[in-house]
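I ask you to look at the sequence and the structure on the screen while I speak.

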Amino acid sequence: MTILPIIKQDILTLTKLSEDFDFTKPPQNPIELATNLVDTMLDAKGLGLAAIQVNLPYRVFAMRGNVNEKGNPEMFCFFNPRIVAYGGEIVKLEEGCLSFPGLFVEIKRPRDVRFRFTLPNGQTDTKLFTGMTARVIQHEMDHLDGKLFYNLANQYKRSLAFKQQAKYLKRVASQAKILKAPDLGKSTDSPLMITQI
Ligand SMILES: [Zn+2]
């Protein structure tokens, strides 16, 4: 099992346009790439993960699908995907991204997508996705095009979300300090201790 490092807050990399994965001259084994993306996504507890988020500029992403008859979520990895049609009403939903920890923004997107993709074995198919999977597909397609999800929200919602994220990052940083502090527990009046409580 290979867990790849996820790029965080690196706008320069995350706004790059990803290139088609060439099955005739594969830059790496597509099955191995799919396995690594799925493993990394699961390890990070994400619903989706685009290759560019692990610094691989290919039009490929992993997605956790719906729960199947056996009670397990289906795992997908789509190569060179394309949304061929949108459908359903426009739905507002709060979205987050593994590359922007603590950033949650309400985004409007169509409920359904008809989606064409190639599987790691080179087989091509078209399927209709709806609800959360259609939402993840649209978010990941934006990654392949170098678009950042928060830019789909208006200026007001975006700045509010960034403020919340700044608080979150500060909290995480102070918790990290507590964990590293060698004299933890010796001083009860430390502000770091208060944060932890
Ligand atoms: Zn994302």
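The model is predicted: local features need pLDDT of at least 70, side-chain atom pairs count only at pLDDT 80 or more, and totals for chains, interfaces and linings use all residues. Residue numbers start from 1 along each chain as its sequence is written.

The protein contains 5 helices and 5 strands; these are DSSP runs numbered from the N terminus, with helices (H or I) of at least four residues and strands (E) of at least two. From the N terminus, the order is α-α-β-β-β-β-β-α-α-α. Along the principal axes, the C-alpha atoms fill a box of roughly 60 × 40 × 40 Å. Of the 197 residues, 28% are buried. A residue is called buried if 20 or more other C-beta atoms lie within 10 Å of its own, exposed if 12 or fewer do, and partly exposed in between, with C-beta atoms placed from the backbone. Two residues are in contact if their C-beta atoms, also placed from the backbone, lie within 7 Å. Of the contacts with a separation of 6 or more, 59% come from residues 24 or more positions apart.

Let us now consider helix α2. Which residues of α2 are buried? They are Pro30, Leu33, Ala34, Asn36, Leu37, Thr40 and Met41. These residues lie on the same side of α2, because they cover an arc of only 165 degrees around the axis; the arc is that of the directions from the helix axis to the C-beta atoms. A general point applies here: an α-helix has 3.6 residues a turn, so residues three or four places apart point the same way. The cover over the buried residues of α2 includes β1 (48–50), β2 (60–67) and β3 (73–97). After α2 comes Lys45, with a positive phi near 60 degrees.

Next, the sheet. The 5 strands make an open, antiparallel sheet in the order β1-β2-β3-β4-β5, where two strands pair if DSSP finds at least two bridges between them. At its edges are β1 and β5 (124–130), each of which pairs on one side only. Between β2 and β3 there are 6 bridges. Here Phe61 stands opposite Phe78 in β3, and Ala62 has Cys77 in β3 as its bridge partner. The two strands form a hairpin with 5 residues between them, and in the turn Gly71 has a positive phi of about 90 degrees. How many bridges pair β3 with β4? There are 13, again in the antiparallel sense. A hairpin through 2 residues joins β3 to β4, and Cys97 has Phe100 in β4 as its bridge partner.

Most residues other than glycine have a negative phi. Asn55, however, has a positive phi near 65 degrees. Asn55 sits in the loop between β1 and β2 and is partly exposed, because 14 other C-beta atoms lie within 10 Å. Asn80 also has a positive phi, of about 45 degrees, but is located in strand β3. With 18 other C-beta atoms within 10 Å, Asn80 is partly exposed.

Thank you for your attention.
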